[in-house]
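Keep the 3D view open as you read.

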Amino acid sequence: MALFPLPTSSSSSVYLLPLHLPSLHCISLVNNLSLSLSLSLSLMAVSKQIARTAVGILGNIISIILFLSPVPTFIQICKKGSVEQFSAAPYLATLINCSLWVLYGLPMVHPNSTLVLTINGAGVVIELVYLLLFLRYSDRRKKLRVVVIMLIECVILAALAILVMTLAHTTKVRSTTVGSIALVGNVLMYASPLAVMKMVITTRSVEYMPLSLSLASLANGICWTTYAVIRFDPFIAVPNGLGIVFGLAQLILYATFYRSTKKQALERQVKWEMGLAATTISGLDSAKTSRVAQNGHDSYVNGT
């Protein structure tokens with residue numbers, strides 16, 4: 001390889017290696033690859049964000065369906081004028097859970113969480129309506145219990161909000177603190193049907209475990225777990241992963257005791273119809289006896 005001298009002010013010369021075209025080509029190729037890689041990473045980041053937003057919107061829709069799934073139950077309660085054996089536990093657990101996630105989704109706690117904030121704000125309003133209806137149609141003992149639990153939840157939420165806003169000075173610390181507590185609340189929401197599941201096993205009846213609520217819980221868990229995995233958020237992924245497990249358990253119980261529930265309902269209907277028939281026959285016999293007695297009395301009075 002030839003060396004080319006570079007003239008200088010002194011008598012010495014500096015020799016430079018010439019740049020051949022293959023070397024220039026390699027440098028250009030490396031630059032192009034770096035640019036392509038950066039562009040690909042940017043596109044991937046944008047694609048992940050778009051996918052996460054799309055899944056989040058789907059999660060909002062499914063969550064609304066989940067929140068509205070007890071509507072048939074409350075229509076039944078309003079018609080009967082009583083909550084009967086329905087439990088307020090799922091609605092109380094969902095209320096505190098949504099309230100915690102509203103706090104988590106605030107911009108000063110966890111920025112860029114609009115979808116989390118909107119759906120849980122709607123959930124708070126819906127659950128309050130359910131609990132007001134539950135209080136309207138429950139007995140005094142149940143009313144007192146529900147009111148006390150609601151007051152405790154309000155105190156806990158207010159205390160947490162004040163402490164986080166005053167003691168934690170960065171969004172990272174605030175989101176970690178509130179997210180950890182909200183994680184527990186989310187687990188409670190998904191685990192709240194465990195009491196109902198126990199009753200299902202004891203009574204061998206799914207009458208008081210609505211299928212719509214179980215299906216909505218499972219779909220909600222799947223959607224929000226996917227949302228959390230796309231851009232990993234352990235505070236959302238862990239409880240919703242457990243929600244999938246609890247939802248599947250409820251569906252298994254429903255499939256197991258569906259036939260026995262129908263059988264019990266049929267037996268109750270038969271007993272009710274037999275009781276109605278017996279009452280009717282008894283009434284007819286009483287009326288006949290009364291008429292016979294009245295005729296006998298009339299005959300005695302007339303001397304016949």
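Start with Trp101 and Tyr104, both of which are buried. Bear in mind that this is a predicted model. The two residues sit 3 apart in helix H3, so about one helical turn separates them.

Tyr104 has a second ring partner. With Phe235 it forms another edge-to-face pair, this time at 6.3 Å centre to centre and with 70° between the planes. Because Tyr104 belongs to helix H3 and Phe235 to helix H9, this pair ties together parts that are 131 residues apart in sequence. Phe235 is buried, as is Tyr104.

How many aromatic pairs does the structure hold? The count is 7. Elsewhere, Phe74, Tyr91 and Tyr130 are linked into a cluster by ring pairs.

Now go back to Trp101 and look at what surrounds it. If you skip its neighbours within four places in sequence, Trp101 is in contact with Val116, Asn120, Ala182, Leu183, Asn186, Phe235 and Ile236. So Phe235, the ring partner of Tyr104, shows up here as a contact of Trp101 too.

The largest nonpolar core has 42 residues, and Trp101, Leu131, Val146 and Ile236 are the ones with the most contacts inside it. H3 gives the largest share, 9 residues. Another core lies apart from this one; it has 8 residues, including Val206, Met209, Leu253 and Phe257. As background, nonpolar side chains in soluble globular proteins tend to be buried together.

Take Glu127, in helix H4. Glu127 is buried but has no salt bridge, and the nearest side chain of opposite charge, that of Lys142, is 16 Å away. A salt bridge would need a nitrogen–oxygen distance within 4 Å. What does Glu127 touch instead, beyond residues up to four places away in sequence? The answer is Phe67, Tyr91, Thr94 and Leu95.

What about the cysteines? Cys98 is buried, with a relative accessible area of 1%, and Cys223 also counts as buried, at 6% relative accessibility. The disulfide count for the structure comes to 0.

Finally, have a look at the backbone in two loops. Most residues other than glycine have a negative phi. Asn112 has a positive one, near 60°. You'll find Asn112 in the loop between H3 and H4, and it is exposed, with a relative accessible area of 68%. Arg204 also has a positive phi, near 55°. Arg204 lies in the loop between helix H7 (194-203) and H8. Is Arg204 buried, exposed or partly exposed? At 47% relative accessibility, Arg204 counts as partly exposed, because the exposed class begins over 50%.

Note on methods:
Residues are numbered from 1 along each chain as its sequence is written. This is a predicted model: local features need pLDDT of at least 70, side-chain atom pairs count only at pLDDT 80 or more; totals for chains, interfaces and linings use all residues. Side-chain values use heavy atoms; hydrogens and water are left out. A nonpolar core is a set of buried Ala, Val, Leu, Ile, Met, Phe, Trp, Tyr and Cys residues joined through side-chain atoms within 4.5 Å. Buried means under 20% relative accessible area, exposed over 50%, partly exposed in between (1.4 Å probe, protein chains only). Helices (H or I, at least four residues) and strands (E, at least two) are DSSP runs, numbered from the N terminus. Contact means heavy atoms within 4.5 Å. A disulfide is a pair of cysteine sulfur atoms within 2.5 Å. Lys and Arg count as positive and Asp and Glu as negative; His and the chain ends are not counted. Rings of Phe, Tyr and Trp (its six-membered ring) pair if their centres lie within 6.5 Å; planes under 30 degrees apart count as stacked, over 60 as edge-to-face and the rest as tilted.
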